[in-house]
Each structure stands twice: as C-alpha cells, then as structure tokens.
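Hi,

Here is the structure I promised to pass on.

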Amino acid sequence: MIDTLPETYRLAVILSDLEGLKNKEIAAILDISLDVVKVRLHRGRAQLKKELLQYCHFYWDERNELTCDPKGPLKK
C-alpha cells in the first residue's frame, strides 16, 4: 500500500516510519523545510490510512497484535 502513495509522500513516510529517521533528518535528506516534511507525513499517513481502511478489516489477534484481513483484492 505504501507503494501506491505519490512519491513525495511515500519517501517521507518510508524515511520516518520504516527507517526511523527524525523529521529534521528527513528535511536534510530531501532538501526541504521541516514544515514541508510535517505536511508530507501528515498527508501521506492520512492517505495510507484511508487506503488501508478501505481494503482491510482490522482486529486484535490472540497475541494482541493488530491484524488485517483483506476485504477484497488490492488495486494496483
């Protein structure tokens, strides 16, 4: 699902949420302002959440881990 995000949002989300970088580090890597990083993260996460909620039924499993059961096929 992350791959479906526009590149500007995808890069910010990957660097922050998957790579664990701080916003200041992301701003330096992407050569953008800290405010732009915050906007891209907010918009990217919101779009990702919308997509995930459309295609997944979330629940907590027996190990107390958040799990997704697909509602249908993912669009490419």
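The buried residues of α1 pack against α2 and α3. Those buried residues in α1 are Tyr9, Ala12, Val13, Leu15 and Ser16. Before you read on, please keep in mind that this is a predicted model.

Next, how α2 and α3 meet. Helix α2 covers residues 23-30 and helix α3 covers residues 34-55, and the two pack at an angle of about 105° with their axes 9 Å apart. An angle from 65 to 115 degrees counts as roughly perpendicular, and α2 and α3 are therefore roughly perpendicular to each other. On the α2 side, the contact is made by Asn23, Lys24, Ile26, Ala27 and Leu30, while α3 brings Leu34, Val37, Lys38, Arg40 and Leu41.

Now α3 itself. Which residues of α3 are buried? They are Val37, Leu41, Gly44, Leu48, Glu51 and Tyr55. These cover an arc of only 105° around the axis, so they sit on the same side of α3. Their packing partners are α1 (7-18), α2, β1 (56-60) and β2 (66-70). Turn to the face of α3 pointing away from that buried side and you will find the exposed residues Asp35, His42, Lys49 and Lys50.

Finally, some phi angles to look at. Most residues other than glycine have a negative phi. Two residues here go the other way:

- Aspartate 31 has a positive phi, near 55°, although it is not a glycine. Aspartate 31 lies in the loop between α2 and α3. Its relative accessibility is 71%, and since exposed means over 50%, aspartate 31 counts as exposed.
- Asparagine 64, also a residue other than glycine, has a positive phi near 65°. You will find asparagine 64 in the loop between β1 and β2. Asparagine 64 is exposed too, with a relative accessible area of 57%.

There is also a glycine with a positive phi: glycine 20, which follows α1, has a value near 75°.

Cheers

Key: Residues are numbered from 1 along each chain as its sequence is written. This is a predicted model: local features need pLDDT of at least 70, side-chain atom pairs count only at pLDDT 80 or more; totals for chains, interfaces and linings use all residues. Side-chain values use heavy atoms; hydrogens and water are left out. Axes are lines fitted to C-alpha atoms, for helices over the stretch in contact, and angles run from 0 to 180 degrees between N-to-C directions. Helices (H or I, at least four residues) and strands (E, at least two) are DSSP runs, numbered from the N terminus. Angles under 35 degrees count as roughly parallel, over 145 as roughly antiparallel, 65 to 115 as roughly perpendicular and the rest as oblique. Contact means heavy atoms within 4.5 Å. Buried means under 20% relative accessible area, exposed over 50%, partly exposed in between (1.4 Å probe, protein chains only). The arc is that of the directions from the helix axis to the C-beta atoms.
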